[in-house]
Structures are given as C-alpha cells and as structure tokens.
Amino acid sequence: MALFQKIDKPTSGRRFVISDIHGCSKTFRKMVEDTLQITKSDHLYLLGDYIDKGPDSSGVLDYIMALQTDGFQVFGIRGNHEENMMQAWQEYDTRMFRFFVAKLNKSPDLLTEDAQIKPQYLAFMKELPYYIALEDYYLVHAGFDFSKNEPFKNYQAMLHIRGPKGVPPDRGMIQNKTIVHGHEVTYLEDIVEHINERHPVIPLDNGCVYTKKHKRLDVTRTGKLCALNLDTFGLIAIDSIDPPAKRR
Ligand SMILES: [Mn+2]
C-alpha cells in the first residue's frame, strides 16, 4: 500500500470530493448517478469512512469497486473506520471481533460466517492511502496535525484529528493548496462559510447518517451527503435517503 497518492488533473473532466458515506449506499449512489452524473472523464475522490453506522457498508464498498472496475476514475483514501476494522481483525480473537463488528460498529455484512473480513473488502481497504495530493488540494480523512513536527508523516493524525490543530499557521506550509477533509460532523452553514471565505481547510462531513435525534448534534442541521466541486468550489448537498444510524 502507498501511504499517499499524487494525482494529476484529468484532461477534460470535473473533480468532485465526497466524505463520510458511512454505509449510506442509496444516498451515495443517488449523488454519483443522479446529482453529479459522474462520467468516465471525471475524477471522484472519496475521503474515507465508507463503512459502519449506516445500513449498508458492503453496498457502499461494492458500488465503489464496481465503479472502478467499470473504468470510472474513483480514488479512495482511508478513514478511521476502515483502519479500526482492520486493526480489530488483527488484534482480537474471533469472538471479540464478531462482537466489535456487530455491536459496536454495525458492519456485520463485511464478514464471512467465520468472522473474517471478506477478502474483497480487506483487499480494498488495505490499499487505501492516507491522503491524496493534487496540484491544488490535499485530501485527507480527518486532517493534518500542524501542532507537531512533520504533519505529512503523522498518519494517525490524518485519521483522527479534530479542531484547530488542523489549520496550518500559514498557507506556505501547504504550498498554497486547500485541505479538504471529513471525519468531524460539521453543520451545513459552517461548511458553506468555510467555502465562501476560501478557508485553507474545508470540512465536508455533514453527517449523512445523522437524521434522527442525537444527544450531541442538532439533527436539523446534519443529515446531508456533501460533494465539493474542486474546480468551481461549488458545494452540492443532498438529503440522506438511507435509514439513520442505529447507534452512536
Ligand atoms: Mn472518521
């Protein structure tokens, strides 16, 4: 697996980013096919956390892999949920792993009957890099930790960081690129504000799984799947059409 991937601009197509699909396969498919109408000249970048929480983790992974097989230019990176599942699979015994997946993370559909990660999903997740470098953007699941040395080698931070440590002290540190990330559920008006003020760090996770009451979130301001057009800087947000997260 490559730790990061450098990708050149497509010659003619558009470039979109989507984050934190979390098992919402219907919403994701609607975004790709009906809303964005992705073509084979476009690039679609996915910021991780494809699985868990929502109803259909395997459906999301199957769909991404099918798009790639069909020749669509879909590039994924790793989220903490993919990393956690692989780590739990390596570290736990079968009983614990089955419990972890079924009760805590809710992706039992990714497992075989004897509680192994199905080989096609494991192969897919293992290859996911930690970030993507475009000529004008960095794409990462959670962000880079600029409060420590060597933020571009701090791979755990890329999966987990939250808050202001992810904002670079100056744009020179990111070669005047813009960082786009997910991971931290952000209200839609905050996402829009970051985009409008051309903030160096753009959050894109509106918590599409959070459509029902939540102890910490105002769910009237979450529940959309967002896509950002990297060339026009336009935000596309659609309501989730999947069942909500069963657990949080
Ligand atoms: Mn995450």
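Select Ala 115 to begin, in the loop between H4 and H5 of this predicted model. The phi angle of Ala 115 is near 60 degrees, a positive value in a residue other than glycine, and Ala 115 is buried, with a relative accessible area of 2%.

Which residues coordinate the manganese ion? Select Asp 49, Asn 80, His 141 and His 183, which coordinate the ion through OD, OD1, NE2 and ND1 respectively, at 2.1 to 2.2 Å. Along the sequence these donor residues follow the spacing D-x30-N-x60-H-x41-H. Asp 49 lies in the loop between strand E3 (43-46) and helix H2 (57-69), while His 141 lies in the loop between strand E6 (137-140) and helix H6 (155-160), so the pair ties together parts that are 92 residues apart in sequence. Both Asp 49 and His 141 are buried.

Next, display the largest nonpolar core, which has 44 residues, and pick out Ile 18, Phe 28, Leu 46, Tyr 50 and Ile 117, the members that touch the most other members. Elements that each supply at least two residues of this core include strand E2 (15-18), helix H1 (25-35), helix H3 (80-91), helix H5 (119-126) and strand E9 (224-229). The largest share, 6 residues, comes from H2. In soluble globular proteins, nonpolar side chains tend to be buried together.

Centre the view on Ile 18 to follow its contacts: leaving aside residues up to four places away in sequence, Ile 18 touches, among others, Phe 28, Met 31, Val 32 and Leu 36, as well as Leu 44, Leu 46, Leu 204 and Leu 225. A second, separate core of 19 residues can then be selected, and its members include Val 17, Ile 77, Tyr 137 and Leu 204.

Finish at the surface, by selecting Tyr 92, Met 96, Phe 99 and Leu 104, which form a nonpolar patch with about 360 Å² of accessible area together.

Technical notes: Residues numbered from 1 in each chain as written. Predicted model: local features only at pLDDT ≥ 70, side-chain atom pairs only at ≥ 80, totals over all residues. Heavy atoms only, no water. Donors = N, O, S within 2.8 Å, 3.2 Å for Na, K, Ca; no water. Helix = DSSP H or I, 4+ residues; strand = E, 2+ residues; numbered from the N terminus. Buried < 20%, exposed > 50% of the residue type's maximum accessible area, 1.4 Å probe, protein only. Core = buried A, V, L, I, M, F, W, Y, C linked by side-chain atoms within 4.5 Å. Contact = heavy atoms within 4.5 Å. Patch = residues over 30% accessible without salt bridge, like charges linked within 9 Å, V, L, I, M, F, W, Y side chains within 5 Å. Areas by Shrake-Rupley, 256 points an atom, 1.4 Å probe, with all protein chains shown as cover. Salt bridge = Lys/Arg side-chain N within 4 Å of Asp/Glu carboxyl O.
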